[in-house]
Amino acid sequence: MTLYLSMAGFALAASISPGPVNVVALSSGVAHGLRATLPHVAGATLGFVLLLLLAGLGLAELLRGWPAAAALTRWAGVAFLLWMGWVLWRSTGKVAAGDPPPAPSLLQGAAMQWLNPKAWVAALAGVGAYAGDDPARLWVFAGLYFVVCFLSVGSWAYAGARLRHLLADERRMRLFNRGMAALLAASAVHIGIAA
């Protein structure tokens, strides 16, 4: 039981802390509400759990032998975050008029995890700490992570949905979107510098 609690604690710390996936969940919750943001939450969760499973099944070893793939993934992540930031920056802030960009999809949520260095670090560290070479532990860890990740990213979307009434004013919404865009751009710059 102690091992499971430790696994869940690791998953919670890694999943609920601020990062690009959670910033997008918050922004989408504000712009579109919780229900429309759930595909992003589900995609981010499924994308991460798949990354975790593949890391445990040897993906990390494969990438060590092909450093160009790791660099390509990192720069694709930078480009994706900058594009999402640009879309948010350009948003006029009109919530009721249906003006915001469409809510992020399940596929976009999954892709964000695969392009997110925070997710890679969490997957590799988690597998090393909790699964090792034990496939049964890997599946248990992935199952726990699925639940914790969904609830964590979902809490950011819920927080955004609760803030929606405070940001009903077009000007405040535009400022909020630009703040979120700046956070996404800062994440992209951090990834680029760490390269």
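Visitor: What share of the contacts with a separation of 6 or more joins residues 24 or more positions apart?
Guide: This is a predicted model, in which local features need pLDDT of at least 70 and side-chain atom pairs count only at pLDDT 80 or more, while totals for chains, interfaces and linings use all residues. Residues are numbered from 1 along each chain as its sequence is written, and side-chain values use heavy atoms, with hydrogens and water left out. Taking a contact as heavy atoms within 4.5 Å, the share of contacts in the chain that joins residues 24 or more positions apart, among those with a separation of 6 or more, is 87%.

Visitor: Which pattern do the secondary-structure elements follow along the sequence?
Guide: Helices (H or I, at least four residues) and strands (E, at least two) are taken as DSSP runs and numbered from the N terminus. The chain has 9 helices and 0 strands, and read along the sequence its pattern is α-α-α-α-α-α-α-α-α.

Visitor: Are helix 1 and helix 8 parallel or oblique to each other?
Guide: The axes, which are lines fitted to C-alpha atoms over the stretch in contact, with angles from 0 to 180 degrees between N-to-C directions, come within 8 Å for helix 1 (residues 2–16) and helix 8 (residues 135–163) and cross at roughly 40°. Angles under 35 degrees count as roughly parallel, over 145 as roughly antiparallel, 65 to 115 as roughly perpendicular and the rest as oblique. Helix 1 and helix 8 are therefore oblique.

Visitor: How many residues in the contact of helix 1 with helix 8 are nonpolar?
Guide: The helix 1 side includes Leu 3, Met 7, Phe 10 and Ile 16, and the helix 8 side includes Arg 137, Phe 141, Tyr 145 and Trp 156. Ala, Val, Leu, Ile, Met, Phe, Trp, Tyr, Cys and Pro count as nonpolar, Asp, Glu, Lys and Arg as charged, and the others, Gly among them, as polar. On that scheme the contact has 3 polar residues and 1 charged residue, and the number of nonpolar residues is 16.

Visitor: Is Phe 10 buried or partly exposed?
Guide: Phe 10 lies in helix 1, and, not counting residues up to four places away in sequence, Phe 10 touches Ala 122, Ala 125, Gly 126, Tyr 130, Phe 141 and Tyr 145. Because its relative accessibility is 22%, Phe 10 counts as partly exposed.

Visitor: Which residues of helix 8 take part in the contact with helix 7?
Guide: The axes of helix 7 (residues 117–131) and helix 8 come within 10 Å and cross at roughly 130°, so helix 7 and helix 8 are oblique to each other. From helix 7 the contact draws on Ala 122, Gly 126, Val 127, Tyr 130 and Ala 131, and from helix 8 on Arg 137, Leu 138, Phe 141 and Tyr 145.

Visitor: How far apart in space are Leu 167 and Val 30, C-alpha to C-alpha?
Guide: Leu 167 lies in the loop between helix 8 and helix 9 (170–194), and at 11% relative accessibility Leu 167 counts as buried. Leu 167 and Val 30 are 137 residues apart in sequence, yet their C-alpha to C-alpha distance in space is 7.6 Å.

Note on methods: Buried means under 20% relative accessible area, exposed over 50%, partly exposed in between (1.4 Å probe, protein chains only).
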